[in-house]
Amino acid sequence: MKDVFYLDTAIDTGTSTGDGIATLDLSSYVDPIARGRSKGTGLAVYKVHFDICDDNGNDPVAATVTGTFRAGLVSLSGAPAAAVGSAALSSNVMNASNDLMIAGVNFYGGGTAAGDPAPYVFLEPSIEVPYVVVRDQIILAISVSTAMSAGSSVKVRLECAQVTLDQATLNQLLRTQSV
């Protein structure tokens, strides 16, 4: 059994459109610099669990709520936290072809419980092939394209483990995770 632990983060949708960012500091888990005989360490993310709920955190999003958004975890250092509508994500940040994208989910609220699709997870790491982070921060980004009629919250739990990396793997990950 791996030494797996959990990390979590969350962001609120609010009731406006735009992009928002919540940051998760990983500096105590990641050290990409190999010193002497010690190797660099990264954070292996094995699974990501998304919970989209009412803004009180205890109830599901009400069936009458309308709005659409995409949320995702991205290995992106230096981005400041910002409420929805206060950030501006670059094009093509939150999609499966972005090497920095760890996991992502789409939410559609049409205001009718019978006709609304469930949240759709379009990208996630696997137990066999985890996403290994070598940067000191990841972000939970959200892009609200149709304003939510009531505030909601996106809560995320990551199943993680610190992993030791040989120099060749570390160099490749650093190249891949550079912006």
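Residues are numbered from 1 along each chain as its sequence is written, and side-chain values use heavy atoms, with hydrogens and water left out. As the model is predicted, local features need pLDDT of at least 70 and side-chain atom pairs count only at pLDDT 80 or more, whereas totals for chains, interfaces and linings use all residues.

Let me begin with the open sheet of 4 strands, ordered β1-β10-β3-β8 with antiparallel pairing, where strands are DSSP runs of E of at least two residues and helices are runs of H or I of at least four, both numbered from the N terminus, and where two strands pair if DSSP finds at least two bridges between them. Its edge strands are β1 (5–12) and β8 (131–133), each pairing on one side only. Strand β3 (residues 40–54) pairs with β8 over 3 bridges, and L43 has V133 in β8 as its bridge partner.

Now to E159, which lies in strand β10 (residues 152–165).

Finally, the structure holds 0 disulfides, a disulfide being a pair of cysteine sulfur atoms within 2.5 Å. For C53, the nearest cysteine sulfur, that of C160, is 20 Å away. C53 is buried at a relative accessible area of 3%, and C160 is buried at 0%.

Methods
Buried < 20%, exposed > 50% of the residue type's maximum accessible area, 1.4 Å probe, protein only.
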